[in-house]
Amino acid sequence: MLDPIDFIYNSASATKNAMHRLKLKTNPFSEKPIRGNTKFFVGRTSELREIADIFGAAQYGSVVNAAIVGTKGIGKSSLLNIIYYAAKKQGHWAVELTASQITPRQFLIQVLYNLIRDNLISIDGTICSEYIQHSQKIMEIYRKLVDYGDRTPVHYPRERIERDLDFLLNEVKEEDKLCIILVDEADQFAKKSCLSLLQFFHSFLYEDGILAFFAGSPTLMDDLTKISPAMRDRIPKIINMPPLSKEESYDLIRRRLEDAHIGNAKEFDPFTDAAIDKIVEECDGIPRKIIMTCSESISIALKKGVSKIDEDIVKMAMEVLGISVGHQILNHLTPAQSKIVRALAELGGSSTVTELAKYLGNSPGTIGTHLSDIYEMGYIYKERRGNNVYYTLSKELMDVLMNDND
């Protein structure tokens with residue numbers, strides 16, 4: 001009879017021994033940003049110079065809000081994290097947000113909550129001493145924020161929230177300090193349903209001492225401008241994040257491995273040189289792809305009980321990740337978009353708008369609109385063949401959808 005406690009204990013011990021065979025103390029390839037730790041931050045010298053210039057100018061009254069744009073996994077969140085800690089080190093107020101709160105009221109609530117949590121409240125839950133004269137006001141806000149939402153009773157309306165925010169920024173924050181708003185996944189704002197939020201930003205971003213960085217896809221500013229043309233003037237600076245160079249990709253892997261190596265490990269142990277070359281070549285300088293591939297390769301090596309990760313194991317890892325990424329994409333699509341990409345797979349992976357419309361029994365206009373949206377997200381490609389434009393599934397979607405069909 002299997003004892004579950006002994007099973008878990010023995011399995012954990014076996015994994016530890018297997019990790020030592022790979023000359024590693026731990027798996028160093030974590031997908032989560034390492035907060036405040038710059039030893040794994042690679043490259044981005046040009047982008048950091050631009051951000052430093054923005055900081056320097058903002059401290060003397062010349063505020064220029066910026067958009068940080070790049071493909072998925074390029075490192076936008078990590079760069080926002082660097083900005084956050086750089087701002088805190090200089091004594092500025094800093095607020096990190098993810099654009100899942102998409103109404104002006106919810107956004108204000110999140111700004112307030114994070115201002116108080118990250119800048120005014122100490123670890124033990126008390127007000128920092130320099131703000132003690134404001135303690136009653138701030139603690140009242142802090143207590144009520146816990147249950148805030150769009151359904152909060154009308155006796156605490158948005159106007160009062162705005163007044164509270166104004167109080168914090170103008171009465172509590174020191175005049176020579178900035179309030180830096182960092183918004184990740186800002187593409188969520190580029191929807192017609194968020195128009196009122198963008199209209200709010202239109203005035204909010206001109207407040208004294210407010211500096212904002214928005215992170216999103218390469219089309220972020222174009223998409224925001226379509227919804228609210230005035231936003232282009234409010235976010236004049238665009239910082240593009242290109243892929244890492246090959247040298248930087250090697251350096252990213254090297255730094256993480258060195259941090260987890262046990263004694264006598266060589267530079268890229270447990271990976272062979274051919275395996276490392278394969279990872280760098282296939283991951284196109286995208287940090288998340290590099291990290292995920294290395295992590296999955298280590299997982300496969302642990303299961304196989306080997307002491308070296310060769311090119312074949314890396315190929316296996318890439319095949320596994322190709323399917324899992326495809327499922328993540330499908331989960332991100334709307335039902336209508338999912339139906340269209342599945343139809344594309346059923347038609348062999350490539351089709352025209354007219355063919356898809358006939359196959360699904362919808363109008364070409366509706367299908368074309370959905371295809372344009374999916375194309376802008378980078379999940380399908382298009383090319384002209386003669387007089388027709390064909391839409392083709394990405395490799396990730398092709399892998400998962402063809403496997404599902406089989």
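Colleague: Why is Lys-23 called partly exposed?

Modeller: The relative accessibility of Lys-23 is 31%. Buried means under 20% relative accessible area, exposed over 50%, and partly exposed in between (1.4 Å probe, protein chains only). The value of 31% therefore makes Lys-23 partly exposed. This is a predicted model, in which local features need pLDDT of at least 70 and side-chain atom pairs count only at pLDDT 80 or more, while totals for chains, interfaces and linings use all residues. Residues are numbered from 1 along each chain as its sequence is written, and side-chain values use heavy atoms, with hydrogens and water left out.

Colleague: Where does Lys-23 lie, and what is its phi?

Modeller: Lys-23 is in the loop between α1 (4-21) and α2 (45-58); helices (H or I, at least four residues) and strands (E, at least two) are DSSP runs, numbered from the N terminus. Its phi is positive, about 65°, although Lys-23 is not a glycine. Most residues other than glycine have a negative phi, and most peptide bonds are trans.

Colleague: What is the form of the peptide bond from Asp-269 to Pro-270?

Modeller: The bond from Asp-269 to Pro-270 is cis, with omega near 5°. Pro-270 lies in the loop between α10 (246-260) and α11 (273-282).

Colleague: Which residues of α2 and α3 meet, and what classes do they belong to?

Modeller: Glu-47, Leu-48, Ile-51 and Phe-55 in α2 meet Leu-79, Ile-82, Ile-83 and Ala-87 in α3. By class, this contact has seven nonpolar, no polar and one charged residues. Ala, Val, Leu, Ile, Met, Phe, Trp, Tyr, Cys and Pro count as nonpolar, Asp, Glu, Lys and Arg as charged, and the others, Gly among them, as polar.

Colleague: How many helices and strands does the chain have?

Modeller: The chain has 17 helices and eight strands, and buried residues make up 43% of its 406 residues.

Key:
Contact means heavy atoms within 4.5 Å.
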